[in-house]
Amino acid sequence: MSKTADDPSGAAPGRSHVTLVQITDCHLCRDPSGTLLGVPTLETLLRVLQEVGDCHPEADVLVASGDIADDGDTASYGHFLDLVEELSIPTLVMPGNHDDRDAMRRRLASTPLSINGCTTVGGWLITALDTLVPGVHHGQLGESELRRLRDTLDAHSDQPTLIFLHHPPMPIGCPWLDRMGLRQSERLFEIIDGRKQVRGLVTGHVHQEFDAYRGHVRLLSTPATCVQYKHGTPQPVLDPVAPGYRVFTLRPNGEFATRVRRVARAWFPATSDIAGSNPNVAPRIPDDGEGIGW
Ligand SMILES: [Fe+2]
């Protein structure tokens, strides 16, 4: 899935960098008018992708980091495919806890999409990891995924690398979400700690922005294309900010810049329309963090 066969840099002629756009947690439903806590998820994804197309026509790669569907239904992935195909950008997709791995493969395993794959573009390695554990909301990397990551990094050891996965391997300071992050994250860190090539670990799942460092590795999470959650709360609290996405500028020297962009707020449902009669607080979750999940 290299960007072009005849341009080893992968960047468009005349440009010295590569643009990567990440979207995450679309939570699409079989019913195109389906909602999550009052937010029409197909419409919000459409708005996000329209802005991506308008503001980043030069984008080289699109990454969708899980929870593409809210219901794991094949039809939900069809809605996603219909919108993403319009952009005609090579796209890496990986599952989240709400996804169905088999349904994703059935509906999305076609150009320009690649599931759990990797790509090289502009001298960078971009790779996606599958953290889905069916039936639960936390994530874990199986032996085969850990081996695949190790082998991929070894095969591209001279290339700066971004790793995308749905579940954060680090606590983000939201106790209810931190209980359903990546389990056994030390096994992931064992692989990347000694590899200076890894520049960033980038996730979804938490429906909010996060930005920190662990040694040389930047740890990032990205707002959902639908419902947003407030940071630092012990229980789920809706944040009425608009949906968003993340843009990366990847430079040939291995440095990168990134920022979150949010779509225009005007059309987004008013807070009072989200989540019914108690607009700011979503249902309580049980202490094990497995009752509901994002
Ligand atoms: Fe999730």
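Strands β13 and β14 form a hairpin with five residues between them, where strands, like helices, are DSSP runs numbered from the N terminus (strands E, at least two residues; helices H or I, at least four). In the turn, G254 has a positive phi of about 90°. This is a predicted model, in which local features need pLDDT of at least 70 and side-chain atom pairs count only at pLDDT 80 or more, while totals for chains, interfaces and linings use all residues. Residues are numbered from 1 along each chain as its sequence is written.

Seven bridges join β13 to β14 (residues 256–262), and the two run antiparallel; strands pair if DSSP finds at least two bridges between them. Within this pairing, Y245 has R261 of β14 as its bridge partner. β13 is also joined to strand β1 (residues 18–23), by five bridges and again antiparallel. There the bridge partner of Q22 is R246 in β13. Five of the seven residues of β13 (residues 244–250) are buried, so this strand is largely enclosed by the rest of the structure. A residue is buried if 20 or more other C-beta atoms, placed from the backbone, lie within 10 Å of its own C-beta.

An open sheet of six strands has mixed pairing and the order β7-β8-β9-β10-β12-β11. Its edges are β7 (118–121) and β11 (210–214), each with a single partner strand, so one side of each is left without a neighbour in the sheet. The twist averages 15° from one strand to the next. Four bridges pair β7 with β8 (residues 124–128) in the antiparallel sense, and T120 has L125 in β8 as its bridge partner.

The loop between β9 (161–164) and α5 (175–178) holds H166. H166 is buried, with 29 other C-beta atoms within 10 Å. Leaving aside neighbours within four places in sequence, H166 is in contact with residues including S65, D67, M94, T131, G139 and H205, contact meaning that C-beta atoms placed from the backbone lie within 7 Å.

Elsewhere, helices α2 (residues 74–87) and α3 (residues 101–108) pack at an angle of about 45°, with axes 9 Å apart. Axes are lines fitted to C-alpha atoms, for helices over the stretch in contact, and angles run from 0 to 180 degrees between N-to-C directions. The two helices are therefore oblique to each other, a term for angles that are not under 35 degrees (roughly parallel), over 145 (roughly antiparallel) or 65 to 115 (roughly perpendicular). The contact is made by T74, Y77, G78 and L81 of α2 and by A103, M104, R106, R107 and L108 of α3.

Terms used. A residue is buried if 20 or more other C-beta atoms lie within 10 Å of its own, exposed if 12 or fewer, and partly exposed in between; C-beta atoms are placed from the backbone. Two residues are in contact if their C-beta atoms, placed from the backbone, lie within 7 Å.
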